[in-house]
Amino acid sequence: MFDGLKKKLNRFRNDVEETAEEKAEAAADEAEADADAEAESAPAGAEHAAVEPEASEPADVDSESDAVGDADAGSEADAVGDAPADAASASAAVESESDSEAAATPEPDSEVDADTDTDADAGDGPAADEAEPRESLASDAAKAALTEEDDDDSSGPGRLRRAAAFATGKVVIEEEDLEDPLWELEMALLQSDVEMQVAEEILETIREKLIGETRKQVQSTGQLVSEALHDALYEVISVGQFDFDQRIAEADKPVTLIFTGINGVGKTTTIAKLARYFEKQGYSTVLANGDTYRAGANEQIREHAEALGKKLIAHEQGGDPAAVIYDGVEYAEAHDIDIVLGDTAGRLHTSNDLMAQLEKIDRVVGPDLTLFVDEAVAGQDAVERARQFNDAAAIDGAILTKADADSNGGAAISIAYVTGKPILFLGVGQGYDHIEKFDPEQMVNRLLGEDE
């Protein structure tokens, strides 16, 4: 049921999730690049404090020590200034040139110390072993996340991306992220026979709920989109919803239900299904055939009445539909029957005469509920007919037949929003038991795949 629309909604969810995930990865890469750039641009002193100078080869150190022992400090400084052998020697040369007082003959051991600790002497700062580490760019939460994940992935770009995502962590969904997916969704809804005004309302609700929203660490983008889709669909599907069973239970008996709709949509069969539905709840029913113009209408509804063991009130072909249903109400009152189920002619919504008859039934009988019946597979045609029938006789709700054969779901989504009156039942097969109460929450879950 509604598999086509379900696939399109899932495609939208996947498109937005893919767009947001690409954005999150790009943001993580950018944060990583910024951190690397800051590290590279750190002051030279801080770099030396964090990294020990390179040591000379052991042979160089020994020969240098011998030279210090044999020659005076001045000649050593000249030799070092002319051709520094390594980073340590170069540091010593700079120090000897800028600090001539220190050129007095030192002990050999102290000269080696000067070579290896020049940074500490020059800057009067702590030695390399005692240098304070550079302040971390990650938040406390990021560091905590990294600590927790050390066992799973202690190194590598994946860990860095997670840290950056946790520190900045929140992926904000912006309007440009939704532009293409929303356009695709709009086309998908219209192709699924969703009425244009309803499609626009769904899109607007999704925009309101997603733009500027942040994806938290514990939440995927797919979850965010699913919640927005759920809310948007539920808002249009649940319009006017009421508890049908409670309404019947609390109404004065007999309760009169009138069924309207065009020929061939399963109206008479739906009446029979509801007779069985009420019987299971302990209610007694009587059927009244107000479809007095169609040849064979009496025979058709009589077959259902006999199969169910129900009383049928009918007049000769061409009689007054309002009079037939009125007689049904009189019979129910006289025989203590709980519910009257009144059929009407399968009138076209474009026929003024037939619409006038429906208005007369409404005036003469004063039904408790007028229910519009149409096929779910009729799509936008069903939506337009529901709108015009509602204008003629103020329907109280709708029943969609052949819902099990409908892959689009446009009528199921649109009718309640367009008429302001709820869908109450779905026909899901040919048997008398093949009818189910319409539940907006269940419908949305079915469309989003949450009931699987």
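How many cavities of 30 Å³ or more does the structure hold? I looked this up before anything else, keeping in mind that this is a predicted model. The structure holds 1 such cavity.

**Entry: the cavity**

I checked the volume next, and the largest cavity has about 40 Å³ of space in it. Then I listed its lining: Leu426, Glu436, Lys437, Phe438, Asp439, Gln442, Met443 and Arg446. Strand 10 (435–437) and helix 20 (440–448) are the elements that each give two or more residues to that lining. Which element gives the largest share? It is helix 20, with 3 residues.

**Entry: helix 20**

At the N-terminal end I found a cap by Asp439, with a side-chain oxygen 3.0 Å from the backbone nitrogen of Glu441. Asp439 is also on my list of residues lining the cavity. Is helix 20 mostly covered or mostly open? It is mostly covered, as 7 of its 9 residues are buried. I noted the names: Pro440, Met443, Val444, Asn445, Arg446, Leu447 and Leu448. Two of these names, Met443 and Arg446, I had already written down for the cavity lining. Just past the helix, Gly449 has a positive phi of about 80°.

**Entry: aromatic rings**

I moved on to the rings and got a count of 6 aromatic pairs. One of them is Tyr277 with Phe278, an edge-to-face pair with 5.8 Å between centres and 70° between planes. I call it edge-to-face because the planes are over 60 degrees apart. Are these two residues buried or exposed? Tyr277 is buried at a relative accessible area of 15%, and Phe278 is buried at 1%. The cut-off for buried is under 20%, so both values qualify.

One more ring went into the notes. The charged end of Arg247 sits over the ring of Phe242, 4.1 Å from the ring centre.

**Entry: Thr270**

Where does Thr270 lie? I found it in helix 14, which covers residues 267–280. Thr270 has a relative accessible area of 4%, so it counts as buried. What does its side chain reach? It reaches the backbone oxygen of Gly266, at 2.7 Å. Leaving out residues up to four places away in sequence, I logged Val373, Ile399 and Thr401 as residues that Thr270 touches.

Terms used: Residues are numbered from 1 along each chain as its sequence is written. Side-chain values use heavy atoms; hydrogens and water are left out. Rings of Phe, Tyr and Trp (its six-membered ring) pair if their centres lie within 6.5 Å; planes under 30 degrees apart count as stacked, over 60 as edge-to-face and the rest as tilted. Buried means under 20% relative accessible area, exposed over 50%, partly exposed in between (1.4 Å probe, protein chains only). A charge sits over a ring if NZ of Lys or CZ of Arg is within 6 Å of the ring centre and within 35 degrees of the ring normal. Helices (H or I, at least four residues) and strands (E, at least two) are DSSP runs, numbered from the N terminus. A polar contact is a pair of N or O atoms within 3.5 Å; within protein, one must be able to donate a hydrogen and the other to accept it, and residues adjacent in sequence count only if both atoms are side-chain atoms. Contact means heavy atoms within 4.5 Å. On a 1 Å grid over the protein atoms alone, a cavity is a set of points where a 1.4 Å probe fits but cannot get out, and a pocket is an open set with protein on both sides within 12 Å along at least five of seven lines; lining residues have an atom within 4 Å of a point. Grid points are joined across faces, edges and corners, and a volume is the space filled by probe spheres set on the points.
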